[in-house]
Protein chains: 2
Amino acid sequence: MELTERKKKVLRSVVDLYIRTAEPVGSKAITELPDMKYSSATIRNEMAELTTMGYLEQPHTSAGRVPAAAGYRLYVDELMADYRLSLDETQSINIAIEEKMQRVDKMLEKVAKLVSQATDLPAISAASRHGSTTVRRFELIAADVSSVILVIMLSDEQVANKVIKLPVQTLQSDLQVLSAVLNATMTGLTPDDFTADLLERVMNAAGAAGALVPVIMEFTAEVLRGHGSTNMAVAGQMRLLGQPEYRDVDKAQKIMSTLDEEALSNLPAIMQNQNGTKVLVGPENVAQELKDTSVVMTKFDIGDGMQGMIGVVGPTRMDYAKVTARLSYFAESLSKMFAKPEQAALPQSAEEPHKEA
Amino acid sequence: MELTERKKKVLRSVVDLYIRTAEPVGSKAITELPDMKYSSATIRNEMAELTTMGYLEQPHTSAGRVPAAAGYRLYVDELMADYRLSLDETQSINIAIEEKMQRVDKMLEKVAKLVSQATDLPAISAASRHGSTTVRRFELIAADVSSVILVIMLSDEQVANKVIKLPVQTLQSDLQVLSAVLNATMTGLTPDDFTADLLERVMNAAGAAGALVPVIMEFTAEVLRGHGSTNMAVAGQMRLLGQPEYRDVDKAQKIMSTLDEEALSNLPAIMQNQNGTKVLVGPENVAQELKDTSVVMTKFDIGDGMQGMIGVVGPTRMDYAKVTARLSYFAESLSKMFAKPEQAALPQSAEEPHKEA
DNA sequence: ATTAGCACTCTTTGTGTTTGAGTGCTAAGC
DNA sequence: GCTTAGCACTCAAACACAAAGAGTGCTAAT
C-alpha cells in the first residue's frame, strides 16, 4: 500500500524533527514548519494513521510521536534529503586523510578515529583480504653471529620480518641451504598446509639449520593468518555519551561493552557482498544488543587485493543524511588515496596540490 | 604534628569504608567495625578533629565524613594494609601475560587491556627508550624487477622494512653500491643528523640508484623517531562508568576525553626517575582535569634498553591497596617475562611450568 | 577520658497536586 | 468530500510540602 504524498511529507517531518530534538514530535510542531499548510487537526489524523500503519510510535498517550523502525527504514530509503557536504567538511576530511599511513592496522586505527571525529559517533573500520595470502619468497639475513633476520615477502607486496636467535653457531652456508629449502617448499602455501608432516619434511631437507624451521613456520603461519583475517579498529566509543539516549549510564555501558567486543566483528562480513552505503536500522541489526541503535557503513578500496570498510554506530535517531554523506565521502577519498601510485622514488614534488572544486 | 594511634585507626577505617561503599561514613558505622572499642561519641570527637586537621571532609552538616586529599595521601603512605593477591589472581595474571607478544605497540595495547581488566579501571601502558636508537645496518633485497625491499636493522635488535617501488629499471649492481653507501654513511646516526646536506652527499655517492635515497632517508628517520618516542596505549575507558562517582554522564565524559587525549602523555615522563609504585592522589595530579581522580602507576623492564610503564586512572576513592598490589605484580611478571631469553630455536620444551607458591 | 543523651541540621524519600503538552473525537465550515 | 476549530481527556513531568532518617555537636553524667 503506497503512502500519499502528504503522509510521506508528514513522516519525513516527524523523523527530521525527532533527529534534531530527540524529543517526541507533536502535531503542533509539525504545523509550525514552513510550507506545512494544514492545521494541527489534519496532521493529527495523518499521524494517527501513520501510527496504525506502523511507521510511528507513541511512547504514551499524551506524548508526541516517535518514528518506529519501519518509519526510519522508509526515511533512509526514500524520504531523506541529500545532505550536501560543505567545503569545510570536505576539506577537513581531505586534510585528515592525506597524512601518510603506514601499516594497515595503524591506518585502520587512524581512519576509525577520523570517522568518529567527523560524525561525532563511535566508528569502526576494518580491512579484509579478498583471497588468501601466501608467501612469495623467504630471505635470511645474518644479523650477527648469534642471530639471523627472517624476511618474508608476501603475495600481496607486504613484507614481514622477525629476528631469530641462533641456538648454536650456524654457518652462512647452512643458512643458504635453509633459505633455498624454504623457498622451494613453503612458498605459495596457506597456513592450513603447514602440517606436522610438512614440518618434518622441511626440517630433514634443511639439515644443519633445521632447528630454525619450527620457529620460522610458526611465525609464517602467524603472519599469513594475520593477513588473511579481518583486521579492525574501533574508536570514539565515548562519543555515545554525547547522545541524549545514552544519558542513562547503564544503557551506555551496555552498548559500550558490545562495541568493544566481537559483536561488531560480523559487520565487515555483512558488507562483503554489498555495495554502496548500507544502513541497518535498529532491530535489523546483527546483535540483539544493538537493537536500539543503528549502523551505517560503507566500503572503500585499499588496493593490493584488500577491501576496507568504515562504519558508525549510533542511536536509531541519528542524522542519517549527514552521516551517510560524510561516510561516503570518506570512503571515496580513501579509495582515491589508495589508488594513487605509491609516492615512490620520484626525486622531488613531494607536495601535490589537493584542491578540488 | 603526629597523629595519635587512635586517630590513625579511625582515619584508616573511614577510608577503608568509603572505598568500599562510596558513601560518606558516619561515626556509627565506625563503631560497628570489629575491634573498635569506643562509642560513637568518641569517634565523633576524633572525626571532628581529623576534619579540622584536613584529613577528612564533610559534604554537608548532617552527612558522614569523606576522606580529603590529605587523608588519602596519609592512607596510601602509611595506613593501608598490604593486599595479598590470591592464587587465583596471580594465576589469571600469569596466564594473561604468557601469550606471546609481538610488536611493542601491540604488546602495549594488550598489556593495557589486561591491566584494565585486572583492576576494572581504565589503564594506560607506555614504553620508552633510554637512549636513542640508531641504524646498525641497511640491507636491500630485490623483490622483483620493479621493487626492492629495504630492511633496516636497528641498534636495539629490532628490524623494520619497507617496499620501495623503483622508478626505473635499476641494476642489481647499483643496489649493491647504494647498500654499501648507506651502510657507510647512515649507520649510527640519530634522526637529527639527517640533514639536507647529508641527503645530498649520500645521493651523490650512491650514483645510479641515488633516486631512492630520499625515500630511504625519510623512512629511516620515521622509524628511528617512532622507536625513540614514547609509545603508549589506553584501554578500558568505559570502565569508569562502572564507578558510582561517574554516574553523572557529564563528569564521565569530561574525564573520558581527557583520557583519550595527551594529558596522559606526561605520565610516563613522571615515572622516568621514579622507582616502585607511585600514587598520585587527586589534586597532586598533572592535569587539572584529573583533580578528582587518582593515578597509580609503576614501571617494568622490557629489556633491549626499553622501559615500560603501566598505570590506572580511577576515582580518588579507589581501592589503592588492591590496585597497587595488582599493578606491582603485573609489572613484576612482565619484567620477568621480558627477561626470559627469547623463546628461540630450542627444538622442543615450548611449554614451561609457571607455578609459584 | 569516655559516653549517653538530646536538640538541631539537612538530605532523602514519599505523596499528593498542579501543570501542560498532546491526543482523539465530534461537529461545524469550506 | 476534506479540512479545521473546539473540547474533554490522559498522563508524564514538575512542584510543593511533609515526614523520615542519618549524622552531627554539645552538654552533662560516669
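The legends below describe close-up views of a predicted model of protein chains with DNA strands.

**Figure 1. Overall form of chain A.** Chain A contains twelve helices and ten strands. Its radius of gyration is 27 Å, well over the 21 Å that the globule rule gives for 357 residues, so chain A is more spread out than a compact globule. The C-alpha trace of chain A spans about 90 × 50 × 40 Å along its principal axes.

**Figure 2. Protein residues around DNA strand C.** DNA strand C is surrounded by 21 residues. The closest are S27(A) and R65(A) from chain A, with T42(B), T61(B) and S62(B) from chain B. Of the atoms of DNA strand C that come within 4 Å of the protein, 76% belong to sugar and phosphate. By residue class, the surface near DNA strand C divides into four nonpolar, twelve polar and five charged residues. Two helices, α3 (40-52) of chain A and α3 (40-52) of chain B, each supply at least two residues of this surface. The largest share comes from α3(B), with four residues.

Figure 3. For S62(B), a side-chain N or O atom is 3.1 Å from a base oxygen of DNA strand C.

**Figure 4. Protein residues around DNA strand D.** There are 21 residues around DNA strand D, and those that come nearest are T42(A), T61(A), S62(A), S27(B) and R65(B). Sugar and phosphate make up 77% of the atoms of DNA strand D that come within 4 Å of the protein. The surface near DNA strand D consists of four nonpolar, twelve polar and five charged residues. Helix α3(A) gives the largest share of this surface, four residues.

**Figure 5. Polar contacts of both chains with DNA strand D.** From chain A, a polar side-chain atom of R6(A) lies 2.9 Å from a phosphate oxygen of DNA strand D. From chain B, S27(B) places a polar side-chain atom 2.7 Å from a phosphate oxygen of DNA strand D. A63(B) takes part through its backbone: one of its backbone N or O atoms lies 3.3 Å from a sugar or linking oxygen of DNA strand D. The elements that give two or more residues to the surface near DNA strand D are α3 of chain A together with α3 of chain B.

Figure 6. Strand β5 (residues 147-154) runs antiparallel to β6(A), and seven bridges join them. Across this pairing, V148(A) stands opposite I164(A) of β6(A).

Note on methods: Residues numbered from 1 in each chain as written. Chains lettered and ligands numbered in written order. Predicted model: local features only at pLDDT ≥ 70, side-chain atom pairs only at ≥ 80, totals over all residues. Heavy atoms only, no water. Near = heavy atom within 4 Å. Polar contact = N/O pair within 3.5 Å; in protein donor to acceptor, adjacent residues only side chain to side chain. Nonpolar A, V, L, I, M, F, W, Y, C, P; charged D, E, K, R; others polar. Pairing = 2+ DSSP bridges. Rg over C-alpha atoms; globule rule 2.2 N^0.38 Å.
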